[in-house]
Structure formats: structure tokens, C-alpha cells
Amino acid sequence: MKRPIFMLMLAFTFIFSGVFFQVEKLEIFAQTENENNSSLVSISQIFKDVQGSVVQITRENPSASPDSPGDENVTSLGSGFVFDKEGRIITNHHVVRDSKNVDVTFIDGNRYVASVIGSDPFNDIAVIDISQNISGQLNPLTLGNSSAVEIGDQVIAIGNPYGLAGSMTVGIVSQKGRLISTEGSQFSIPSVIQTDALINPGNSGGPLLSIGEEVIGMNTAGVLSDSGSFSGIGLAVPSNTISKIVPVLINKGNYTHPWLGISASTLTSKLTENFENLSRDFKGVYVDSIIK
């Protein structure tokens, strides 16, 4: 008689264990879902908080062939973000180029004329100033510490890719400390942040944000694949570089960079063949030329 009772109790134990296990699984699943929803709500809230501080910048390029009948000015688009209450906006140098004035359009559709007050082509940074007094409507974004950024940190890019105003993409910091060359210059931008957030033409000048709503970089370029599609590599000028250069651009209009005065490249095993008594694994820098 005792054996059937023991078997019955054992069966009940297994059944209740299974129920408790399922309840625990459901609780874990619900907790994970809540965390995911919380993350989504957080990102959504970040966009709502900052969308009014990201602008679309439009400039007109003179036609390449003004003598051709029917030719009109070509319009170029980019992005920017509010720097201070005085109406200053940060963007890329290649967005404004040599223009003196550009159009600035906020996400609510309001458009203003802004003058270019400073530009640094070597770090691809420019500052523009809205001539009208709209300080009461401006919400400057906070510049964060890009040196504190870690690989794997979640980031948010906001801008106007292909003129699609107020677009947001999400990704992570893929790497930091990249060195990229600037268009039309022999100099390179140091400490660039690499991200897999989508960066397309028109995103240039827009902010790369942390989940703390701080600007950790300014979106500058997206590497395209051979087919012309996004390759998963976006690049942003670090916020610490922006913090150093922008105040000088506001005060002086330009930034003077120190320069060693040499043209050099990494010493490779092939280059070592040009020197006697130098092993192929010798490490160093090959100086190609020196500026007098």
C-alpha cells in the first residue's frame, strides 16, 4: 500500500515542479519582454527629445556649365544640430563648402537663412549662425565625452538621408580611434568613431547620440559597397574634437593646425629593400619629403 502512495506523491512532485518551472519561464520571458519594450520606449523618447534640435541644411551649387540653356542651380542637402541658444548650428565643412549662406529647415517645417561663420576643412567641421532671433525656440544638444565611448555602446544617428527629414537609425560603436582622410586634403581626421548605424548621403553633419542623449560624434561619412549600398561602416567626427575646434571657429572663423612639415608613410618590408643593412621586419616611418 505504501508503494502506490509513494508513486502518487512522486507524480504530484513532478507535476508541480513542471508547473513552477513553466511559471518561472513565463516570468523570465515577461521580464525580457518588458526590458525590450523599455529599451524601445527609451529610444523612441530620445528621438522625441532631440528631433527639434536636428536640422536640414540646403545650399545651392552654381551650375557647372552656366552657358548651357535650361541649366539651373543644383541643390545639395545635409544635416546639422543646434549648438547654443544664440542660433549657432554645427555641421560638416563639406555640407556648406564655400557658401556664405545656407538654408536651415527644422523638423516643424520652419526655414531660416544662416550664415557660415567658421569652417575647418581638415576636420570637416563648420559652424553656421541663424540671422533671425529665435533663441526661445532653440534646444541645444549636449556634447558628451567621446573618449569615454566603448566598443559595443548603443548609438543613434539622426539626420536627413536623401532629403528624408528627421530619419533615425540605431546601431553600436563598431570601433574607435579610426583615421580617415578628408576630401581634397592630405590631412586626416584622427580618433574617428566607427558605427554600424546607417549613414547615407544627407546624414552628414547630423548628431551621433548616446542613449544618454549626448552627442558623442558628428556623422561624416558612410562607406558604400561596390554595388553602391551601405556597407555597414559609418564614420563620425568625435565630440571631443568638436568641443575643441568649434569655440575657435566661432571666435576666429578658422582653426590653425600644427603641422610637422613632412610627408611620410609606414615603413613596409618592400620599402626596406631600398636601404642597406636594414632588415625586412624593421619598423618605422618612411619620410618621403620635407617642407622647407
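Predicted model: local features only at pLDDT ≥ 70, side-chain atom pairs only at ≥ 80, totals over all residues.

Tutor: Residues are numbered from 1 along each chain as its sequence is written, and side-chain values use heavy atoms, with hydrogens and water left out.

Student: Why is D124 called buried?

Tutor: Buried means under 20% relative accessible area, exposed over 50%, and partly exposed in between, with a 1.4 Å probe and protein chains only. D124 has 7% relative accessibility and therefore counts as buried. D124 also has a positive phi of about 55° although it is not a glycine.

Student: How do you know that N277 is exposed?

Tutor: The relative accessible area of N277 is 82%, so N277 is exposed. N277 lies in the loop between strand 14 (262–266) and strand 15 (285–290); strands are DSSP runs of E, at least two residues, and helices are runs of H or I, at least four, numbered from the N terminus.

Student: What makes a set of residues a nonpolar core?

Tutor: Such a core is a set of buried Ala, Val, Leu, Ile, Met, Phe, Trp, Tyr and Cys residues joined through side-chain atoms within 4.5 Å. The largest one here has 25 residues, of which I90, I125, I158, L209 and I242 touch the most other members. Among the elements that each supply at least two residues of this core are helix 1 (2–50) and helix 3 (239–252). Apart from it lies another core, of 16 residues, including V55 and L138.
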